[in-house]
Amino acid sequence: MSPQPQKAVGSPLSRVDGRLKVTGQADYAVDHDVPGAVHAVVVDSSIALGRITGIDTSAAESHPGVLKVITHRNAPRLVYRDNPVSNNPRGRRLRVFQDDQILFFGQPVAVVVATTIETAQHGASLVDVSYEARQPTTDLAGRPGDPLLNYARGDTEAALASAAVRLDREFHLARNHHNPMEPHGTIASWDGDKLTLWDKTQYVIGVQNEAAAVFGIPVENVRVISPFVGGAFGSALRTWPHVAIAALAAREMGCPVKLALSRRQMYFTVGYRPRYQYRLRLGADRQGRLTAMAHEPTYETSNHETFWEATLFLGQMLYNVPNVSQTLRTVSLDVNTPLWMRGPGFSSTSFCIEVAMDELAHELGIDPVELRLRNEPTKDLSTGLPFSTRRLRECFQTGAQEFGWGRRNPKPRSTRDGDWLVGTGVATGCYDTRRARAEAHARLDAGGTAVVQSAASDAGPGTYTSMTQVAADALGLAVREVEFRLGDTTMPPAPPQGASQLMASVGSAVQDTCDKLRLQAIRLAVGDQRSPLHGVRPDDVVVIAGRLQVKDKPARGETYRQLLARNNLTHLEANGGYTPPAETPYSMYGYSAVFAEVGVDARLGLVRVRRMLSVYDAGRIISPKLADSQALGGMIGGIGMALLEHTVTDHRDGRIVNANLADYLVPVNADIPELRAIYLDGDDRKADPIGVKGLGELVKVGVAPAIANAVFHATGRRVHELPITAEALL
Amino acid sequence: MSTEPPAGESTGLTRRTFVATTVAVGGVVAAGELTAGASAFAAAPATAEPVPSTRVSVTVNGRQLTVTVDNRTSLLDLLREHLGLTGSKKGCNAGACGACTVLVDGRRVNGCLTLAVRLESAEVTTIEGVANGDRLHPLQQAFIDRDAFQCGYCTPGQIMSGLGCLREGHTGSAEEIREWMSGNLCRCGCYVKIVRAVEQAARWK
């Protein structure tokens with residue numbers, strides 16, 4: 001097959017769904033107009049552990065407009081069959097309104113259904129629940145950890161004992177909440193035993209399978225629709241209990257039900273990045289070459305599920321360390337279960353490793369960039385596999401030059417700008433390249449336009465745009481002639497939009513599908529005696545601007561429209577997909593070098609990021625304009641993680657005390673200076689057919705430690721805790 | 001700004017608007033232009049006490065409406081749940097995120113913190129009323145040109161806030177824009193580009 005010229009891919013297009021989004025016409029979950037829908041509001045638990053002893057719903061039920069109050073006392077028994085598909089962690093997931101047990105603060109205990117949203121909200125405030133409360137444990141230090149995973153190579157303890165330089169540090173990372181701007185919400189509607197859900201999700205198939213499992217109905221009886229997702233950052237990767245509540249209420253009511261969580265409820269019931277305590281020991285020689293690393297991370301999980309995230313990969317593969325030991329523990333607490341948040345595992349681990357590297361550099365008097373270059377491995381020491389691509393050295397070299405790193409005075413507290421102590425810091429970012437099975441369908445219409453679809457999601461990165469670009473090039477059409485559709489379980493299956501795998505997986509599936517469709521058209525033409533292309537070898541035909549033509553003789557050819565019209569065809573269509581190989585003989589990761597400059601007010605301890613630059617080795621960049629936005633967004637997320645974000649729990653009763661956007665601080669516009677992202681040109685065809693390595697996670701990893709290291713350089717104060725607050729610097 | 005002439009009470013309303021507004025009073029208060037007719041939801045308790053409600057005349061995107069609203073209704077819920085204008089978003093319902101920003105008499109307000117009953121004679125502009133037919137407002141176009149959004153959920157509020165910022169003349173520098181656009185959170189992290197978009201629109205003015 002002759003390769004198609006790549007015109008759309010790599011060009012800085014504006015978002016194809018931009019007009020919908022700037023005019024308010026993009027319909028997010030609870031924006032959908034479902035006729036006859038009534039409103040539901042969840043009542044949540046005001047204790048963290050114990051049982052419900054009574055629920056008085058009479059006041060709520062007699063409130064005008066309240067239609068029904070559902071609690072564990074009147075809810076039907078639900079099936080909750082096992083479901084391996086929907087990202088449920090190991091354990092026993094919460095079953096809504098099935099018993100009187102309270103496992104965490106904010107757990108749903110009732111739902112009020114009413115004719116209007118005002119009435120439902122008021123009704124929810126009238127439900128009087130009494131409890132028998134027990135003392136919850138919500139502090140990471142409150143219970144011993146349970147070993148989850150171990151890893152070892154070499155003899156780490158011996159290597160540490162004989163190391164010329166040693167470091168032994170304990171890090172503490174606050175719990176963070178995803179806090180997408182769109183609260184989770186669902187509209188549920190039954191037609192007999194068929195359920196339709198308009199939901200906020202990064203994984204329509206996950207919601208479909210979970211809803212089917214909860215209600216004990218066939219998977220194909222559930223349709224999930226999710227064309228727009230107002231951010232998620234991981235929170236919508238599994239199906240949380242409110243989805244089942246909406247569907248249950250709709251079934252009980254016999255009409256569609258709309259349920260949106262409040263911002264406050266978002267802190268209790270849709271996951272979070274777990275709190276970490278992380279002991280890290282390193283050993284190195286005097287030249288800064290690492291000889292040993294011992295990792296002992298501990299994070300929180302719930303009393304009913306064991307959360308897993310990729311905490312250990314970085315410590316095994318990032319640097320050339322012969323001796324590594326890792327012990328990962330979880331602490332089971334009376335809290336809701338965590339869920340992957342942007343750069344899961346990697347973001348947390350990278351803070352610890354990269355701050356420790358900075359300390360090592362400082363101790364040895366080696367430049368922090370140079371220290372990292374001295375520890376570049378030639379292969380992945382955890383598997384022995386070669387890297388598919390690893391251009392971290394180039395990231396650092398380009399970044400150092402563009403950032404002006406060479407002008408840096410290595411001495412901490414050496415630069416001042418008025419009241420501000422100024423410092424710069426650097427860190428490595430890294431995230432693994434994942435791929436999963438994905439399918440797509442493409443249809444070329446007689447008018448010369450195409451519709452391509454896959455049950456993918458677009459929570460912000462720009463799936464609509466990037467897939468359109470891939471499809472346009474593979475079909476030889478202009479971007480405006482291709483429409484990509486997503487977010488509906490009636491479409492061919494796609495993996496979750498998580499772990500940065502969507503572009504590699506669905507992008508490769510779209511390319512395969514559109515290649516097949518193009519080839520079908522080419523075969524039709526070369527076999528058609530009336531076609532100017534009759535008799536030409538299919539391999540010699542390319543399609544450019546909707547015209548099939550001989551590669552070396554562009555004058556000989558015809559358009560899709562002519563071809564289909566002459567053959568009396570309304571359309572051509574094709575199914576395709578991508579299945580990653582069972583084993584890939586490469587270690588596949590994206591990399592970045594992150595540079596940050598901060599100012600710290602010498603008297604107030606206030607930290608302000610003054611500028612940042614990140615350089616990425618992320619493979620091929622399909623959509624440069626959107627990729628740039630994603631990178632800047634990752635940096636801003638990292639600034640939040642480094643300096644602001646901190647979910648605070650009152651351990652006396654397990655309540656989150658700052659469960660709102662005024663007290664849980666996220667970056668605002670005035671916190672953010674000019675930021676710059678550079679993607680190294682290149683691609684990685686060993687990773688996947690379209691050569692991408694994934695962006696969404698990578699762009700956040702390494703940001704927090706770069707800032708922490710800049711804070712040290714500015715002030716001479718080393719902080720091992722996130723977020724870095726003014727208190728820590730005074 | 002929409003130039004659509006006032007529709008003269010209820011005549012310009014869609015069926016959805018009509019029904020939703022009827023539902024707004026639970027089928028109990030049955031007086032007034034928009035509440036005549038049967039309850040949209042038959043299961044509403046017939047014996048219930050009437051919910052305190054008020055008739056309000058308000059202009060939304062150039063269309064004059066008289067609605068009977070439950071006194072608890074926020075401007076945001078009036079728009080979203082009763083008038084079918086879902087472009088304004090609910091991010092926190094507590095005035096902390098700005099996703100519900102709309103213009104009331106030309107000034108930016110948080111729709112979630114504004115009770116609908118206090119809108120008598122007010123003129124409300126929402127994201128749906130910003131473009132002139134198919135022609136986008138320069139700020140909308142600037143948001144697309146500068147890629148000033150990702151998920152798009154905060155975007156209507158950002159644009160309405162940006163319009164306020166432009167009108168107020170707080171666009172003298174990037175720093176000034178940052179400050180005056182800080183009531184609108186963007187979790188995808190598009191701030192750098194939001195500032196560029198407002199700058200672009202300010203230059204166009």
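A charge is taken to sit over a ring if NZ of Lys or CZ of Arg is within 6 Å of the ring centre and within 35 degrees of the ring normal. By that rule Arg611(A) lies over the face of Phe403(A), 3.8 Å from the ring centre. Arg238(A) is likewise placed over the face of Trp240(A), at 4.8 Å from the ring centre.

This is a predicted model, in which local features need pLDDT of at least 70 and side-chain atom pairs count only at pLDDT 80 or more, while totals for chains, interfaces and linings use all residues. Residues are numbered from 1 along each chain as its sequence is written, chains are lettered from A and ligands numbered from 1 in the order in which they are written, and side-chain values use heavy atoms, with hydrogens and water left out.

## Aromatic pairs

A pair of aromatic rings is described by the distance of the centres and the angle of the planes. Rings of Phe, Tyr and Trp (its six-membered ring) pair if their centres lie within 6.5 Å; planes under 30 degrees apart count as stacked, over 60 as edge-to-face and the rest as tilted. Over all chains this gives 18 aromatic pairs.

| Pair | Centre to centre | Angle between planes | Class |
|---|---|---|---|
| Tyr276(A) and Tyr299(A) | 5.3 Å | 50° | tilted |
| Phe396(A) and Phe595(A) | 6.3 Å | 75° | edge-to-face |

Secondary structure elements are DSSP runs numbered from the N terminus, helices being H or I with at least four residues and strands E with at least two. Tyr276(A) belongs to strand E14 (residues 276-284) and Tyr299(A) to strand E15 (residues 290-302), so the pair links distant parts of chain A, 23 residues apart. Buried means under 20% relative accessible area, exposed over 50%, and partly exposed in between (1.4 Å probe, protein chains only). Tyr276(A) counts as buried because its relative accessibility is 1%, and Tyr299(A) is buried at 0%.

Phe396(A), in helix H11 (residues 392-403), and Phe595(A), in strand E27 (residues 589-601), are 199 residues apart and also link distant parts of chain A. Both of these Phe residues are buried.

One aromatic cluster includes residues from both chain A and chain B: Tyr28(A), Phe228(A), Tyr464(A) and Tyr153(B).

## Domains of chain A

Domain bounds come from an automatic or database domain assignment. For chain A, this assignment gives domain 1 (18-25 + 436-578), domain 2 (32-136 + 178-269) and domain 3 (384-434 + 584-729).

The centres of domain 1 and domain 3 of chain A, taken over C-alpha atoms, are separated by 37 Å. Contact means heavy atoms within 4.5 Å; 17 residues of domain 1 of chain A touch 15 residues of domain 3 of chain A. Buried area is the accessible area (1.4 Å probe) that two parts lose on being put together, summed over both. For domain 1 and domain 3 of chain A this is about 1,300 Å², with 60% of it on carbon and sulfur atoms. On the domain 1 side, Pro461(A), Ala499(A) and Ser500(A) lose the most area to domain 3 of chain A, together 37% of what that side buries. Between these two domains there are zero salt bridges, a salt bridge being a side-chain nitrogen of Lys or Arg within 4 Å of a carboxyl oxygen of Asp or Glu.

## Loop residues

A cis peptide bond, with omega about -5°, joins Leu722(A) and Pro723(A). Pro723(A) is in the loop between strand E32 (721-722) and helix H17 (726-729) of chain A.

Phe233(A) is a residue other than glycine with a positive phi, near 60°. Phe233(A) lies in the loop between strand E12 (222-225) and helix H6 (241-253) of chain A, and counts as buried because its relative accessibility is 17%. Ser121(B) also has a positive phi, near 70°. The loop that holds Ser121(B) runs between strand E4 (107-110) and strand E5 (123-125) of chain B. Ser121(B) is exposed, with a relative accessible area of 61%.

Arg685(A) is in the loop between strand E31 (675-679) and helix H16 (703-715) of chain A, and is partly exposed at 46% relative accessibility. Not counting residues up to four places away in sequence, Arg685(A) touches Arg620(A), Ile690(A) and Gly691(A). Arg685(A) and Arg620(A) are 65 residues apart in sequence and 8.9 Å apart in space, C-alpha to C-alpha.

## Chain B

Chain B has six helices and five strands, in the order α-β-β-α-β-β-β-α-α-α-α from the N terminus. Of its 205 residues, 56% count as buried.
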